[in-house]
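Good morning, and thank you for coming. Today I shall speak about aromatic rings and their neighbours; please look at the structure now.

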Amino acid sequence: MHGKKLFVTGAAAACLLASLVREAKAEPASCPEQIPFGLTTALTGNLALLGTQARNGVEFAVDEINAAGGISGKKIALTTEDTGASSTDALNAMNRVIEGKPLIIFGSMISPHVFAQTESVNKSETPFLVGATNAKVTAQGSKWLFRTHVHDGQLADLIPEYLVKTLGKTKPGIMAVADDYGLGASKGIQAALAKLKISPVAVTSYAPSDKDMSAQLLEMKDKGADSLILFGRPADVALVMKQMGELGIKLATIGNASMVAQTTLNNLSAADADGSTAIGGMIPQTSTDPKITDWAKRVQDKYKVPADNFTVSYYDTVYMLKSVIEKVGCDKAAIRDAIAATKDWKGLLISYQADAPGDLAHTLGIYRNKGKTPELIGPIKEAGY
């Protein structure tokens, strides 16, 4: 009898301890009545067409979550600062956001801006979630920075392989926007082509503000290129594609997701867009899932701008953070650790899994434009995933 009493007492103690542990996990850092999130992105200047996609994705998710009662009953208070097109302005915008002591900070997909901001965010010890695509963004050694969009290191391997092995092209030219984003991708593409024993016939670039790329295109033609690998942003990609048509230059064209972004296609004729191929983040336009098509329509109705791969990525990121905060509370270090431990978190179009450097997106799409309509050829995953 005495032994049995000890057993019951031990079991009761174990239950009490488990209850206390659960309470400790629920209350490690209780959240304020308004949970502060910060966002810096380009809303004005020549990068605004792209930067607004980050704002649209974050804001749309925040509005949905708040309308549904918030995170564990607490509403999100989102502060957004415009970076413009300058890295100096991006740093100033970040410092303004940091002054508000946010729990989470979202950076944009503009890699030079993220490079300029990372040190300030590290000092603030705030989880920093970005879509910036330069492969080196997550190689900075920051334990606070995470990327939830695919990056150019993945594309640099996959695009040359698809161009050479599937499309059968052996004389590509490379054209990229002349900043950290494009030049980093160009170097990676050249290295990947070298592994395939292919030398590009021409490697060129253009400034982000350039409006005339005809000289670069004519160089490709004169040097006998059979294809063009194009890395840029929607506004300048549309210019390149349009000028190819005006010059009568017909090359198999493959590039990043800007090739099939709706904001690019809106500025092209069906003839200019037709046949071009892209590998990049998953876009909602090709989905037949009613949930996805309804979501894309609601985003379009609200912002009058079609959702793209970045809109999806930032939207998913907010919901991922919601699930993290509901588990660990509003403690920055605990949130950081939970993001770093993410495995198979299902978003709208892909699942996310954190690797050691802090990258969470490892699934890409291969797309081909049929006229002005992008079609999904199929998903493709980074090696090892």
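Predicted model: local features only at pLDDT ≥ 70, side-chain atom pairs only at ≥ 80, totals over all residues.

Ring pairs join Phe60, Trp295, Tyr303, Tyr315 and Tyr319 into a cluster. Under the rule applied here, the count of aromatic pairs comes to six.

Let us consider one of the pairs, Phe60 and Tyr315. Their ring centres are 6.2 Å apart and their planes meet at 45°, so this pair is tilted. The reasoning rests on a cut-off: planes under 30 degrees apart would count as stacked, and those over 60 as edge-to-face. Where in the chain do Phe60 and Tyr315 lie? Phe60 belongs to helix H2, residues 48-67, whereas Tyr315 belongs to helix H12, residues 309-328. The two residues are 255 residues apart, and the pair thus links distant parts of the chain.

Are these two residues buried or exposed? Phe60 has a relative accessible area of 7%, and is therefore buried. Tyr315, at 8% relative accessibility, is counted as buried. The limit that matters for both is 20%, since buried means under that value.

I turn now to Trp345 and Tyr352. The centres of their rings lie 6.2 Å apart, with the planes at 50°, so this pair is tilted. Tyr352 is buried, with a relative accessible area of 2%, while Trp345, at 21%, is partly exposed.

Which charged residue sits over the ring of Trp144? The residue is Arg336, whose charged end is 4.5 Å from the centre of that ring.

Terms used. Residues numbered from 1 in each chain as written. Heavy atoms only, no water. Phe/Tyr/Trp six-rings, centres within 6.5 Å; stacked < 30°, edge-to-face > 60°. Helix = DSSP H or I, 4+ residues; strand = E, 2+ residues; numbered from the N terminus. Buried < 20%, exposed > 50% of the residue type's maximum accessible area, 1.4 Å probe, protein only. Lys NZ or Arg CZ within 6 Å of the ring centre and 35° of its normal.
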